[in-house]
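Open the model in your viewer and keep the sequence beside it. The tour moves from one selection to the next.

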Amino acid sequence: MPAIDQRRRITADRRAFNHYGVVCPFCGENVGPRFVTREHLDVPPNPPYAATVRCPRCKEEFEVIFSADAVRATERR
Ligand SMILES: [Zn+2]
């Protein structure tokens, strides 16, 4: 296991994630709800939460934290 913890915890817009707009920090593969292995409902603050995702291409696992700030930063209107 690589010792780079930062890459295993990314912040993303939940809506982008739902539409596979989030990429794996290891190989750049698009990931989304289909690749969630575990959901975390207990991560503050509201809204959403976080999820553990397993990349379908490189098989790395990482945590996606759904952040309101990230929503604002990545939202396209
Ligand atoms: Zn990957």
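**Stop one: Glu60**

Select Glu60 and show what surrounds it: leaving aside residues up to four places away in sequence, Glu60 touches Cys24, Phe26 and Cys55. Keep in mind that this is a predicted model. Glu60 sits in the loop between β5 and β6. Now pick the C-alpha atoms of Glu60 and Phe26: they are 7.3 Å apart in space, although the two residues are 34 apart in sequence.

Is Glu60 buried, exposed or partly exposed? It counts as partly exposed, because Glu60 has 17 C-beta neighbours inside 10 Å, and a buried residue needs 20 or more.

**Stop two: the core**

Next, select Ile10, Ala12, Phe17, Val22, Cys24, Val31, Phe35, Ala50, Ala51, Val53, Val64 and Phe66; these 12 residues form the largest nonpolar core. Colour β1 (9–12), β5 (50–54) and β6 (61–66), the elements that each give two or more residues to this core. The largest share, 3 residues, comes from β5. In soluble globular proteins, nonpolar side chains tend to be buried together.

Within the core, select Phe35. Not counting residues up to four places away in sequence, Phe35 touches Val53, Arg54, Cys55 and Pro56. Cys55 is also touched by Glu60.

**Stop three: the whole chain**

Clear the selection and switch to a cartoon view. The chain has 2 helices and 6 strands, and along the sequence they follow the pattern β-α-β-β-β-β-β-α. Of the 77 residues, 19% count as buried. Among contacts between residues at least 6 apart in sequence, 44% join residues at least 24 apart.

Note on methods
Residues numbered from 1 in each chain as written. Predicted model: local features only at pLDDT ≥ 70, side-chain atom pairs only at ≥ 80, totals over all residues. Core = buried A, V, L, I, M, F, W, Y, C linked by C-beta atoms within 7 Å. Helix = DSSP H or I, 4+ residues; strand = E, 2+ residues; numbered from the N terminus. Contact = placed C-beta atoms within 7 Å.
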